[in-house]
Amino acid sequence: MKEKILLVDDEVKLLEVVKDYLIVEGYDVYTAERGKQAIELFHKLKPDFIVLDLMLPDLSGEEICKQIRMESDVPILMLTAKSGEEDKVHGLYIGADDYLTKPFSPRELIGRVRAILRRTKGNMMVTDILSFNNGDLEIDIPKHVVKKSGQVVNLTPNEYNILLSLAQNPQRTFSRNQLINVALGYDFEGYDRTIDTHIKNIRQKIEDDIKEPKYIVTVYGVGYKFVGNSQ
């Protein structure tokens, strides 16, 4: 069963980007933009992890953390614009498991979430190598290496991020905006059709026939999905 993560932040764009990243990593993700809403969702969902912004319009992150800690030891990662050591110590003192200062890389947040869940639950199994179609395509995640028919494929960082995001979620359709958030970052200000160019380049490198792709297919009017058979 997927772990449920509750994201609490009043920055809507940030919520959308982090949510997309976490979904790609295989989590069920729920969001709240207000403190009272976060408390309600906490009681309703019983999440396995909470990412909590310190500054919210109604209730502060500190108050939410204190309320949750009165009845649960669910892991909490606190987000804040404050970088002072005293602020971090105080956040940990009231019950947060870790502290992340804005601005941050979504990938750093993913790393923190994984590490905390692994530490608190001891059951986070991460697949190191993804293999598809009897080893025709392999993705070595720790090494950031992609192989096609045993040969290393040279992908740009953006191409690799897009491919990995799709391959980790086979049969799930991603919109162009979701792939932009995951691969290019929420501060990307270009056109969403940039994704089409990246997909075209990836296909030229991993597909036997780009006119009849067996890995990345187009879902017309929506986006793209990965259809390779995993081993």
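Predicted model: local features only at pLDDT ≥ 70, side-chain atom pairs only at ≥ 80, totals over all residues.
Colleague: What makes up the chain, by helices and strands?

Modeller: The chain has eight helices and 12 strands. Buried residues account for 47% of its 231 residues. Of the contacts with a separation of 6 or more, 56% are between residues 24 or more positions apart.

Colleague: Why are H6 and H8 called roughly perpendicular to each other?

Modeller: The axes of helix H6 (residues 157–167) and helix H8 (residues 194–206) cross at roughly 80 degrees. Angles of 65 to 115 degrees count as roughly perpendicular, and H6 and H8 are therefore described that way. Their axes come within 10 Å.

Colleague: Which residues of H6 and H8 meet?

Modeller: From H6 there are Asn158, Glu159, Ile162, Leu163 and Leu166; from H8 there are Ile195, His198, Ile199, Asn201, Ile202, Lys205 and Ile206. Sorted by class, the contact has seven nonpolar, three polar and two charged residues.

Colleague: How do you know that the span of H1 is close to the expected one?

Modeller: Helix H1 (residues 12–24) has 13 residues, and 1.5 Å a residue gives an expected 18 Å. The reach from first C-alpha to last is 19 Å, which is close to that value. The buried residues of H1 include Leu14, Leu15, Val18, Tyr21 and Leu22, and Asp20 is also among them. Just after H1, Gly26 has a positive phi of about 100 degrees.

Colleague: What makes Thr80 buried?

Modeller: Its relative accessible area is 1%. Buried means under 20%, so Thr80 is buried. Thr80 is in strand S4 (residues 76–80). With neighbours within four places in sequence left aside, Thr80 is in contact with Asp53, Leu54, Tyr99, Leu100, Thr101 and Lys102.

Colleague: Why are S6 and S9 placed at the edges of their sheet?

Modeller: The sheet is open, with four strands in the order S6-S7-S8-S9 and antiparallel pairing. Strand S6 (129–132) and strand S9 (151–153) each have a single partner strand, so one side of each lacks a neighbour in the sheet. On average, neighbouring strands here are turned by 25 degrees against each other, direction ignored.

Colleague: How do you know that S6 and S7 pair?

Modeller: Two strands pair if there are at least two bridges between them, and four bridges join S6 to strand S7 (residues 137–140). Within this pair, Ile129 is opposite Asp140. S7 and S8 also have four bridges, with Glu138 partnered by Lys147 in S8. S8 and S9 have three bridges, and Lys147 stands opposite Val152 in S9.

Colleague: Which residues of S8 are on its covered face, and which on the uncovered one?

Modeller: Val146 and Lys148 are on the covered face, while Val145 and Lys147 are on the uncovered one. H6 lies across S6, S7 and strand S8 (145–148), and runs at about 105 degrees to S7.

Colleague: What makes S10 and S11 the edge strands of the three-stranded sheet?

Modeller: The order of that open sheet is S10-S12-S11, with antiparallel pairing. Strand S10 (174–175) and strand S11 (216–219) each pair on one side only. S11 is joined to strand S12 (residues 223–226) by four bridges, and Val217 has Lys225 in S12 as its bridge partner. H6 packs on this sheet too, touching S10, S11 and S12, with its direction at about 65 degrees to that of S12.

Colleague: What sets the backbone of Asn134 and Gln171 apart?

Modeller: Most residues other than glycine have a negative phi, and most peptide bonds are trans. Asn134 has a positive phi near 55 degrees and lies in the loop between S6 and S7. Gln171 has a positive phi of about 75 degrees and is in the loop between H6 and S10.

Colleague: Where is there a cis peptide bond?

Modeller: The bond from Lys102 to Pro103 is cis, with omega near -10 degrees. Pro103 is in the loop between strand S5 (98–101) and helix H5 (106–121).

Definitions and conventions:
Residues numbered from 1 in each chain as written. Heavy atoms only, no water. Axes fitted to C-alpha atoms, helices over the stretch in contact; angles between N-to-C directions. Helix = DSSP H or I, 4+ residues; strand = E, 2+ residues; numbered from the N terminus. Parallel < 35°, antiparallel > 145°, perpendicular 65-115°, else oblique. Contact = heavy atoms within 4.5 Å. Nonpolar A, V, L, I, M, F, W, Y, C, P; charged D, E, K, R; others polar. Expected span 1.5 Å × (residues − 1). Buried < 20%, exposed > 50% of the residue type's maximum accessible area, 1.4 Å probe, protein only.
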